[in-house]
Amino acid sequence: MKFLIHESWKPYLKKEFSEPYFKCLINFLALEYKNHTCFPPKDQIFNAFNHCLFDDLKVVILGQDPYHDYGQANGLCFSVNDGVKYPPSLVNIFKEIKNDLDISYPVSGNLVRWANQGVLLLNATLTVRAYEAGSHQKKGWEVFSDAVIKTINDNKEDVVFLLWGGYAKKKNKLIDKNKHTVLTSGHPSPLSANRGYWFGNRHFSEVNNRLENCGKSPIKW
């Protein structure tokens, strides 16, 4: 099974691609994509890296699993393809952006526009079997995504990490807070948001404040 990842990432991740766990993961994925419907499409698995180049990276948003319904997952966490109805978590993200920055709801839930500005939209697990949430967990993806976080931590400065929800917050330990900014809150899912753990975090304005303080251009959310 072949995969495409942008050249800018290869010097930093080539060691991972040769590790035994990654070779086992690729073999697993080859069988899964052959025998089952899986998301995202094979050519979109590494979209997070192909739209956010290493040198351009300014912000990391960490998700957990891709969406597992048809037409949704496109390789960017929380993002869906053009024309697809917003999932509940994405609705709450857009609500918080509106409350925080007074920005109207976007026409599309495709967050490639963020990725192209230097936002790495990284899922901890990059693939999933259709209608089976979590089906590709503990197959090696988490080792890879942790390695990505460590790589960013070690080789970049002044990156803003957004860790939403209990799972993402566990990655706090991988990040040097003397070099980077970590913002945490509840998850934007309705269960968390409706309990008061999401709305009002003002992360989107805070990200831009941090970026501008470092001399970087803000994100057009």
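Tutor: Happy to! On a 1 Å grid over the protein atoms alone, a cavity is a set of points where a 1.4 Å probe fits but cannot get out, while a pocket is an open set with protein on both sides within 12 Å along at least five of seven lines; lining residues have an atom within 4 Å of a point. Grid points are joined across faces, edges and corners, and a volume is the space filled by probe spheres set on the points. The model is predicted, so local features need pLDDT of at least 70 and side-chain atom pairs count only at pLDDT 80 or more, whereas totals for chains, interfaces and linings use all residues. Residues are numbered from 1 along each chain as its sequence is written, and side-chain values use heavy atoms, with hydrogens and water left out.

The largest pocket holds about 530 Å³ of space. Its lining has 29 residues, and Asp65, Pro66, Tyr67, Ser89 and His187 are the closest to its centre. Strand S2 (59-63), helix H4 (88-101) and helix H7 (166-169) are the elements that give two or more residues to this lining; helices (H or I, at least four residues) and strands (E, at least two) are DSSP runs, numbered from the N terminus. H7 supplies the largest share, three residues. By class, the lining has 13 nonpolar, 14 polar and two charged residues, where Ala, Val, Leu, Ile, Met, Phe, Trp, Tyr, Cys and Pro count as nonpolar, Asp, Glu, Lys and Arg as charged, and the others, Gly among them, as polar.

The largest cavity has a volume of about 50 Å³, and Ile45, Ala48, Gly75, Leu122, Asn123 and Leu126 line it. That lining divides into four nonpolar, two polar and no charged residues.

Ile93, Glu96, Ile97, Asp100 and Leu101 of H4 meet His203, Phe204 and Ser205 of H9, contact meaning heavy atoms within 4.5 Å.
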